[in-house]
Amino acid sequence: MNTAEAAIISEQARFQQLLEEHKRLVFKVVSTYAWHSEDQQDLAQDIRLQLWRSFPRYDSARNFSTWMYQVALNTAISWSRQSKARAKRLVSGADLALLPAPIEPEDSNELYVLIQSLDELSRALLVLYIDERSHAEIGEILGLSTGNVATKISRLKARLRIEAADQN
Amino acid sequence: MDKQEFSTAWLALENRVEHCTAQQATLQLQINKDRLTRHQGRMRLVPTWDLIVAGLAAVWTGNFVADHIHGLLTRPVAAIPALLLFAFAIVEINLSVRHFIIAAALDLGQPIVESQRKIANLRRLRVKVTQWVFAWALPLWVIFPVLLGQFIFGVNFIFAVDRGWLAANVAFGIAMIPVVNWVLQKSKFAVSLQDAITGKQVSETEAFLAELAEFQQA
(Lines give C-alpha, C1' and ligand atoms only; values in the text may rest on other atoms or scores of the structure.)
Protein backbone atom coordinates (compact mmCIF):
# COMPACT_ATOMS: atom_id res chain seq x y z
CA MET A 1 0.00 0.00 0.00
CA ASN A 2 1.45 3.38 -0.96
CA THR A 3 1.25 6.61 1.07
CA ALA A 4 -1.65 8.07 -0.93
CA GLU A 5 -3.80 4.94 -0.47
CA ALA A 6 -2.97 4.84 3.24
CA ALA A 7 -3.99 8.50 3.57
CA ILE A 8 -7.34 7.81 1.86
CA ILE A 9 -8.05 4.81 4.10
CA SER A 10 -7.13 6.82 7.20
CA GLU A 11 -9.42 9.66 6.05
CA GLN A 12 -12.27 7.19 5.47
CA ALA A 13 -11.80 5.70 8.93
CA ARG A 14 -11.81 9.17 10.50
CA PHE A 15 -14.98 10.07 8.62
CA GLN A 16 -16.70 6.82 9.63
CA GLN A 17 -15.80 7.40 13.24
CA LEU A 18 -17.10 10.99 13.25
CA LEU A 19 -20.27 9.91 11.45
CA GLU A 20 -20.87 7.14 13.98
CA GLU A 21 -20.36 9.56 16.88
CA HIS A 22 -22.89 12.01 15.43
CA LYS A 23 -25.28 9.60 13.70
CA ARG A 24 -28.30 10.79 15.71
CA LEU A 25 -27.93 14.18 14.09
CA VAL A 26 -28.74 12.60 10.71
CA PHE A 27 -31.85 10.95 12.18
CA LYS A 28 -32.98 14.26 13.67
CA VAL A 29 -32.73 16.01 10.30
CA VAL A 30 -34.30 13.09 8.41
CA SER A 31 -37.24 12.88 10.80
CA THR A 32 -37.88 16.61 10.29
CA TYR A 33 -38.02 16.53 6.50
CA ALA A 34 -39.15 13.02 5.46
CA TRP A 35 -42.05 10.90 6.69
CA HIS A 36 -42.35 7.85 4.48
CA SER A 37 -39.95 5.03 5.22
CA GLU A 38 -38.59 5.01 1.65
CA ASP A 39 -38.15 8.79 1.67
CA GLN A 40 -36.30 8.57 4.97
CA GLN A 41 -33.95 5.98 3.52
CA ASP A 42 -33.36 8.14 0.47
CA LEU A 43 -32.74 11.30 2.44
CA ALA A 44 -30.46 9.59 4.99
CA GLN A 45 -28.43 8.14 2.14
CA ASP A 46 -28.27 11.51 0.34
CA ILE A 47 -27.06 13.18 3.53
CA ARG A 48 -24.35 10.56 4.16
CA LEU A 49 -23.15 10.83 0.59
CA GLN A 50 -23.08 14.64 0.66
CA LEU A 51 -21.21 14.53 3.97
CA TRP A 52 -18.60 12.26 2.43
CA ARG A 53 -18.31 14.43 -0.69
CA SER A 54 -17.99 17.62 1.39
CA PHE A 55 -15.63 16.08 3.94
CA PRO A 56 -12.41 17.15 2.13
CA ARG A 57 -13.51 20.79 2.65
CA TYR A 58 -14.18 20.32 6.35
CA ASP A 59 -11.93 22.52 8.48
CA SER A 60 -10.99 20.47 11.56
CA ALA A 61 -10.70 23.68 13.61
CA ARG A 62 -14.50 23.90 13.41
CA ASN A 63 -16.96 21.96 15.53
CA PHE A 64 -17.81 18.80 13.57
CA SER A 65 -21.48 18.73 14.56
CA THR A 66 -21.94 22.35 13.42
CA TRP A 67 -20.46 21.54 10.03
CA MET A 68 -22.46 18.30 9.87
CA TYR A 69 -25.70 20.15 10.61
CA GLN A 70 -24.94 22.60 7.78
CA VAL A 71 -24.40 19.84 5.22
CA ALA A 72 -27.33 17.72 6.47
CA LEU A 73 -29.79 20.63 6.59
CA ASN A 74 -28.68 21.99 3.21
CA THR A 75 -29.15 18.54 1.68
CA ALA A 76 -32.52 18.04 3.39
CA ILE A 77 -33.86 21.46 2.32
CA SER A 78 -32.85 20.87 -1.31
CA TRP A 79 -34.25 17.33 -1.17
CA SER A 80 -37.53 18.59 0.29
CA ARG A 81 -37.90 21.28 -2.38
CA GLN A 82 -37.20 18.75 -5.15
CA SER A 83 -39.72 16.32 -3.65
CA LYS A 84 -42.37 19.03 -3.65
CA ALA A 85 -41.61 19.87 -7.28
CA ARG A 86 -41.81 16.18 -8.22
CA ALA A 87 -45.15 15.81 -6.43
CA LYS A 88 -46.51 18.89 -8.24
CA ARG A 89 -45.46 17.47 -11.59
CA LEU A 90 -47.16 14.17 -10.80
CA VAL A 91 -50.39 15.97 -9.97
CA SER A 92 -50.17 18.28 -12.99
CA GLY A 93 -49.49 15.22 -15.14
CA ALA A 94 -52.73 13.68 -13.76
CA ASP A 95 -50.67 10.70 -12.62
CA LEU A 96 -52.33 10.50 -9.23
CA ALA A 97 -51.94 6.73 -8.96
CA LEU A 98 -48.19 7.21 -8.52
CA LEU A 99 -48.56 9.47 -5.49
CA PRO A 100 -47.51 7.85 -2.21
CA ALA A 101 -50.19 6.59 0.14
CA PRO A 102 -51.38 8.99 2.84
CA ILE A 103 -49.08 9.25 5.81
CA GLU A 104 -50.07 7.38 8.94
CA PRO A 105 -48.11 8.93 11.77
CA GLU A 106 -48.25 6.56 14.68
CA ASP A 107 -47.58 8.04 18.08
CA SER A 108 -46.32 11.46 16.96
CA ASN A 109 -49.37 12.82 15.18
CA GLU A 110 -49.26 16.18 16.96
CA LEU A 111 -45.58 16.63 16.29
CA TYR A 112 -46.01 15.65 12.66
CA VAL A 113 -48.77 18.17 12.05
CA LEU A 114 -46.77 20.93 13.72
CA ILE A 115 -43.64 20.28 11.69
CA GLN A 116 -45.65 19.96 8.47
CA SER A 117 -47.10 23.40 9.05
CA LEU A 118 -43.62 24.98 8.91
CA ASP A 119 -41.55 25.96 5.89
CA GLU A 120 -38.15 24.30 5.28
CA LEU A 121 -36.10 27.09 6.90
CA SER A 122 -38.24 27.23 10.04
CA ARG A 123 -37.96 23.45 10.36
CA ALA A 124 -34.17 23.84 10.36
CA LEU A 125 -34.50 26.40 13.15
CA LEU A 126 -36.83 24.10 15.08
CA VAL A 127 -34.55 21.05 14.87
CA LEU A 128 -31.60 23.09 16.15
CA TYR A 129 -33.67 24.60 18.95
CA ILE A 130 -34.99 21.20 20.08
CA ASP A 131 -31.42 19.88 19.97
CA GLU A 132 -30.57 22.61 22.49
CA ARG A 133 -27.93 24.32 20.39
CA SER A 134 -26.88 27.77 21.55
CA HIS A 135 -28.20 30.83 19.74
CA ALA A 136 -24.66 31.57 18.55
CA GLU A 137 -24.30 28.09 17.04
CA ILE A 138 -27.77 28.22 15.46
CA GLY A 139 -26.77 31.57 13.96
CA GLU A 140 -23.55 30.10 12.61
CA ILE A 141 -25.34 27.11 11.06
CA LEU A 142 -28.15 29.12 9.49
CA GLY A 143 -26.16 32.26 8.65
CA LEU A 144 -28.15 34.58 10.95
CA SER A 145 -27.15 36.98 13.69
CA THR A 146 -27.60 35.84 17.31
CA GLY A 147 -30.23 38.50 17.90
CA ASN A 148 -32.13 37.40 14.84
CA VAL A 149 -32.05 33.78 16.05
CA ALA A 150 -33.53 34.81 19.40
CA THR A 151 -36.34 36.74 17.68
CA LYS A 152 -37.11 33.88 15.31
CA ILE A 153 -37.17 31.28 18.09
CA SER A 154 -39.50 33.43 20.12
CA ARG A 155 -41.85 33.81 17.12
CA LEU A 156 -41.61 30.11 16.35
CA LYS A 157 -42.52 29.18 19.92
CA ALA A 158 -45.50 31.51 19.85
CA ARG A 159 -46.63 30.04 16.56
CA LEU A 160 -46.27 26.46 17.78
CA ARG A 161 -48.18 27.32 20.93
CA ILE A 162 -51.09 28.61 18.81
CA GLU A 163 -50.95 25.58 16.49
CA ALA A 164 -50.88 23.19 19.47
CA ALA A 165 -53.80 25.02 21.08
CA ASP A 166 -55.77 24.79 17.82
CA GLN A 167 -55.17 21.05 17.69
CA ASN A 168 -56.29 20.56 21.25
CA MET B 1 -47.12 20.85 24.09
CA ASP B 2 -44.07 22.06 26.05
CA LYS B 3 -40.45 21.63 25.05
CA GLN B 4 -39.98 18.46 27.10
CA GLU B 5 -42.97 16.72 25.53
CA PHE B 6 -41.76 17.90 22.15
CA SER B 7 -38.29 16.47 22.75
CA THR B 8 -39.74 13.12 23.89
CA ALA B 9 -41.95 12.88 20.82
CA TRP B 10 -38.99 13.80 18.66
CA LEU B 11 -36.86 11.10 20.24
CA ALA B 12 -39.55 8.54 19.40
CA LEU B 13 -39.42 9.71 15.79
CA GLU B 14 -35.62 9.51 15.68
CA ASN B 15 -35.73 5.99 17.10
CA ARG B 16 -38.17 4.93 14.41
CA VAL B 17 -35.91 6.39 11.73
CA GLU B 18 -32.86 4.68 13.25
CA HIS B 19 -34.65 1.32 13.48
CA CYS B 20 -35.96 1.62 9.94
CA THR B 21 -32.57 2.72 8.60
CA ALA B 22 -30.76 -0.17 10.25
CA GLN B 23 -33.31 -2.69 8.98
CA GLN B 24 -33.18 -1.65 5.37
CA ALA B 25 -29.69 -0.19 5.14
CA THR B 26 -27.99 -3.10 3.38
CA LEU B 27 -30.84 -3.62 0.96
CA GLN B 28 -31.24 0.05 0.10
CA LEU B 29 -27.58 1.06 0.01
CA GLN B 30 -26.83 -0.04 -3.53
CA ILE B 31 -30.20 1.11 -4.91
CA ASN B 32 -29.77 4.56 -3.40
CA LYS B 33 -26.19 4.87 -4.53
CA ASP B 34 -27.21 4.03 -8.09
CA ARG B 35 -30.11 6.47 -7.95
CA LEU B 36 -27.95 9.29 -6.63
CA THR B 37 -25.19 8.60 -9.15
CA ARG B 38 -27.77 8.70 -11.95
CA HIS B 39 -29.22 11.96 -10.59
CA GLN B 40 -25.80 13.59 -10.28
CA GLY B 41 -24.89 12.28 -13.72
CA ARG B 42 -27.99 13.94 -15.19
CA MET B 43 -27.14 17.20 -13.39
CA ARG B 44 -23.71 17.24 -15.07
CA LEU B 45 -24.84 15.71 -18.33
CA VAL B 46 -26.92 18.66 -19.59
CA PRO B 47 -24.28 21.41 -19.18
CA THR B 48 -21.56 19.02 -20.45
CA TRP B 49 -23.65 18.24 -23.53
CA ASP B 50 -24.34 21.97 -24.05
CA LEU B 51 -20.63 22.71 -23.79
CA ILE B 52 -19.62 20.00 -26.30
CA VAL B 53 -22.29 20.96 -28.87
CA ALA B 54 -21.57 24.68 -28.51
CA GLY B 55 -17.82 24.08 -28.72
CA LEU B 56 -18.20 22.06 -31.93
CA ALA B 57 -20.60 24.65 -33.39
CA ALA B 58 -18.17 27.50 -32.60
CA VAL B 59 -15.20 25.69 -34.16
CA TRP B 60 -17.20 24.65 -37.21
CA THR B 61 -18.74 28.08 -37.89
CA GLY B 62 -15.40 29.76 -37.19
CA ASN B 63 -13.74 27.53 -39.79
CA PHE B 64 -16.59 28.07 -42.20
CA VAL B 65 -16.34 31.86 -41.98
CA ALA B 66 -12.54 31.73 -42.35
CA ASP B 67 -12.76 29.45 -45.40
CA HIS B 68 -15.42 31.55 -47.14
CA ILE B 69 -14.34 34.98 -46.02
CA HIS B 70 -14.00 36.41 -49.55
CA GLY B 71 -17.39 35.13 -50.69
CA LEU B 72 -19.05 36.32 -47.48
CA LEU B 73 -17.51 39.78 -47.80
CA THR B 74 -18.87 40.19 -51.31
CA ARG B 75 -22.35 39.04 -50.16
CA PRO B 76 -22.62 39.94 -46.42
CA VAL B 77 -26.26 38.70 -46.14
CA ALA B 78 -24.97 35.14 -46.64
CA ALA B 79 -22.77 35.52 -43.55
CA ILE B 80 -25.72 36.24 -41.22
CA PRO B 81 -26.63 32.56 -40.51
CA ALA B 82 -23.02 31.64 -39.70
CA LEU B 83 -22.52 34.68 -37.49
CA LEU B 84 -25.81 34.04 -35.64
CA LEU B 85 -24.86 30.42 -34.98
CA PHE B 86 -21.37 31.48 -33.91
CA ALA B 87 -22.77 34.07 -31.45
CA PHE B 88 -25.22 31.51 -30.07
CA ALA B 89 -22.38 29.00 -29.54
CA ILE B 90 -20.20 31.57 -27.74
CA VAL B 91 -23.02 32.58 -25.36
CA GLU B 92 -23.83 28.90 -24.72
CA ILE B 93 -20.17 28.13 -23.91
CA ASN B 94 -20.08 31.08 -21.54
CA LEU B 95 -23.25 29.95 -19.72
CA SER B 96 -22.08 26.33 -19.43
CA VAL B 97 -18.69 27.39 -18.04
CA ARG B 98 -20.45 29.68 -15.55
CA HIS B 99 -22.61 26.74 -14.46
CA PHE B 100 -19.52 24.60 -13.80
CA ILE B 101 -17.75 27.41 -11.89
CA ILE B 102 -20.77 28.06 -9.62
CA ALA B 103 -21.32 24.32 -9.08
CA ALA B 104 -17.64 23.77 -8.21
CA ALA B 105 -17.72 26.62 -5.68
CA LEU B 106 -20.82 25.23 -3.98
CA ASP B 107 -19.97 24.04 -0.47
CA LEU B 108 -22.80 22.57 1.59
CA GLY B 109 -20.73 23.08 4.73
CA GLN B 110 -21.53 26.81 4.55
CA PRO B 111 -24.38 28.57 6.41
CA ILE B 112 -27.80 27.37 5.20
CA VAL B 113 -29.08 30.72 3.92
CA GLU B 114 -25.89 31.30 1.90
CA SER B 115 -25.73 27.77 0.44
CA GLN B 116 -29.43 27.69 -0.42
CA ARG B 117 -29.09 31.07 -2.12
CA LYS B 118 -26.24 29.72 -4.26
CA ILE B 119 -28.21 26.56 -5.08
CA ALA B 120 -31.26 28.65 -6.04
CA ASN B 121 -29.10 30.95 -8.20
CA LEU B 122 -27.58 27.92 -9.93
CA ARG B 123 -31.04 26.53 -10.56
CA ARG B 124 -32.24 29.88 -11.91
CA LEU B 125 -29.23 30.02 -14.26
CA ARG B 126 -29.94 26.46 -15.50
CA VAL B 127 -33.62 27.20 -16.12
CA LYS B 128 -32.82 30.46 -17.90
CA VAL B 129 -30.30 28.66 -20.11
CA THR B 130 -33.02 26.14 -21.01
CA GLN B 131 -35.40 28.99 -21.86
CA TRP B 132 -32.70 30.73 -23.87
CA VAL B 133 -31.78 27.58 -25.81
CA PHE B 134 -35.40 26.90 -26.69
CA ALA B 135 -35.99 30.49 -27.72
CA TRP B 136 -33.08 30.29 -30.16
CA ALA B 137 -33.05 26.61 -31.09
CA LEU B 138 -36.03 26.83 -33.46
CA PRO B 139 -34.77 29.74 -35.62
CA LEU B 140 -31.24 28.33 -35.50
CA TRP B 141 -32.51 24.92 -36.56
CA VAL B 142 -33.62 26.64 -39.78
CA ILE B 143 -30.24 28.32 -40.10
CA PHE B 144 -28.29 25.11 -39.53
CA PRO B 145 -29.31 23.34 -42.80
CA VAL B 146 -28.78 26.62 -44.65
CA LEU B 147 -25.20 26.68 -43.38
CA LEU B 148 -24.76 22.97 -44.09
CA GLY B 149 -25.96 23.50 -47.66
CA GLN B 150 -23.59 26.40 -48.09
CA PHE B 151 -20.73 24.39 -46.60
CA ILE B 152 -21.26 21.10 -48.49
CA PHE B 153 -22.87 22.14 -51.78
CA GLY B 154 -21.91 25.81 -51.93
CA VAL B 155 -25.62 26.68 -52.31
CA ASN B 156 -27.43 29.13 -50.06
CA PHE B 157 -30.95 27.71 -49.69
CA ILE B 158 -32.35 31.10 -48.71
CA PHE B 159 -31.79 32.18 -52.29
CA ALA B 160 -32.39 28.74 -53.85
CA VAL B 161 -35.76 27.49 -52.49
CA ASP B 162 -39.08 28.81 -53.72
CA ARG B 163 -41.61 30.56 -51.52
CA GLY B 164 -44.19 27.77 -51.85
CA TRP B 165 -41.80 25.31 -50.27
CA LEU B 166 -41.12 27.70 -47.37
CA ALA B 167 -44.86 28.34 -46.85
CA ALA B 168 -45.54 24.57 -46.79
CA ASN B 169 -42.91 24.14 -44.11
CA VAL B 170 -44.38 26.91 -41.98
CA ALA B 171 -47.85 25.34 -42.33
CA PHE B 172 -46.46 21.95 -41.30
CA GLY B 173 -44.84 23.55 -38.24
CA ILE B 174 -48.13 25.12 -37.17
CA ALA B 175 -49.98 21.83 -37.70
CA MET B 176 -47.49 20.07 -35.43
CA ILE B 177 -48.20 22.36 -32.44
CA PRO B 178 -51.17 20.33 -31.03
CA VAL B 179 -49.22 17.07 -31.56
CA VAL B 180 -46.22 18.43 -29.64
CA ASN B 181 -48.58 19.74 -26.95
CA TRP B 182 -50.13 16.29 -26.54
CA VAL B 183 -46.69 14.66 -26.27
CA LEU B 184 -45.61 17.27 -23.69
CA GLN B 185 -48.57 16.47 -21.45
CA LYS B 186 -47.79 12.74 -21.49
CA SER B 187 -44.18 12.92 -20.30
CA LYS B 188 -43.06 13.95 -16.79
CA PHE B 189 -39.74 15.17 -18.16
CA ALA B 190 -41.60 17.18 -20.80
CA VAL B 191 -43.87 18.72 -18.14
CA SER B 192 -40.75 19.77 -16.22
CA LEU B 193 -39.25 21.17 -19.43
CA GLN B 194 -42.49 23.01 -20.14
CA ASP B 195 -42.35 24.56 -16.65
CA ALA B 196 -38.80 25.69 -17.39
CA ILE B 197 -39.68 27.19 -20.76
CA THR B 198 -42.78 29.00 -19.52
CA GLY B 199 -40.84 30.48 -16.61
CA LYS B 200 -42.80 28.65 -13.86
CA GLN B 201 -39.59 27.24 -12.39
CA VAL B 202 -37.88 30.65 -12.48
CA SER B 203 -40.74 32.27 -10.58
CA GLU B 204 -40.72 29.41 -8.03
CA THR B 205 -36.96 29.82 -7.56
CA GLU B 206 -37.29 33.57 -7.24
CA ALA B 207 -40.03 33.11 -4.64
CA PHE B 208 -37.63 30.89 -2.67
CA LEU B 209 -34.87 33.52 -2.96
CA ALA B 210 -37.33 36.09 -1.59
CA GLU B 211 -38.19 33.64 1.22
CA LEU B 212 -34.46 33.32 2.04
CA ALA B 213 -34.04 37.10 2.13
CA GLU B 214 -37.07 37.43 4.38
CA PHE B 215 -35.79 34.70 6.68
CA GLN B 216 -32.46 36.49 7.01
CA GLN B 217 -34.17 39.69 8.17
CA ALA B 218 -34.91 40.07 11.86
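Mentor: Let us begin with burial: a residue is buried if 20 or more other C-beta atoms lie within 10 Å of its own, exposed if 12 or fewer, and partly exposed in between, with C-beta atoms placed from the backbone. Please note that this is a predicted model, in which local features need pLDDT of at least 70, side-chain atom pairs count only at pLDDT 80 or more, and totals for chains, interfaces and linings use all residues. Residues are numbered from 1 along each chain as its sequence is written, while chains are lettered from A and ligands numbered from 1 in the order in which they are written.

Trainee: Which residues of H8(B) are buried, and which are exposed on the other side?

Mentor: Helices (H or I, at least four residues) and strands (E, at least two) are DSSP runs, numbered from the N terminus. In H8(B), the buried residues are B:Gln201, B:Thr205, B:Phe208 and B:Phe215. Seen down the axis of H8(B), they fall within an arc of 75° (taken from the directions from the helix axis to the C-beta atoms), so they line one face of the helix. On the other side of H8(B), the exposed residues are B:Ser203, B:Ala207, B:Ala210, B:Ala213 and B:Glu214.

Trainee: Which residues touch the most other members of the largest nonpolar core?

Mentor: In soluble globular proteins, nonpolar side chains tend to be buried together. A nonpolar core is a set of buried Ala, Val, Leu, Ile, Met, Phe, Trp, Tyr and Cys residues joined through C-beta atoms within 7 Å. The largest one here has 34 residues, of which A:Val29, A:Ala72, A:Ala76 and A:Ala124 touch the most other members. At least two residues each come from H2, H3, H4, H6 and H7 of chain A, and H4(A) gives the largest share, 9 residues. A second, separate core of 8 residues includes B:Ala54, B:Ala57, B:Leu85 and B:Phe88.

Trainee: With which residues is A:Ala76 in contact?

Mentor: Two residues are in contact if their C-beta atoms, placed from the backbone, lie within 7 Å. Leaving aside neighbours within four places in sequence, A:Ala76 is in contact with A:Val29, A:Tyr33, A:Leu43 and A:Ile47.

Trainee: Why is H2(A) largely enclosed by the rest of the structure?

Mentor: H2(A) is largely enclosed because 9 of its 11 residues are buried, among them A:Leu25, A:Phe27 and A:Val29.

Trainee: Where do H6(A) and H7(A) meet?

Mentor: A:Ala124, A:Leu125 and A:Leu128 in H6(A) meet A:Ile138, A:Ile141 and A:Leu142 in H7(A). The two axes, lines fitted to C-alpha atoms over the stretch in contact, come within 10 Å and cross at roughly 150°, where angles run from 0 to 180 degrees between N-to-C directions.
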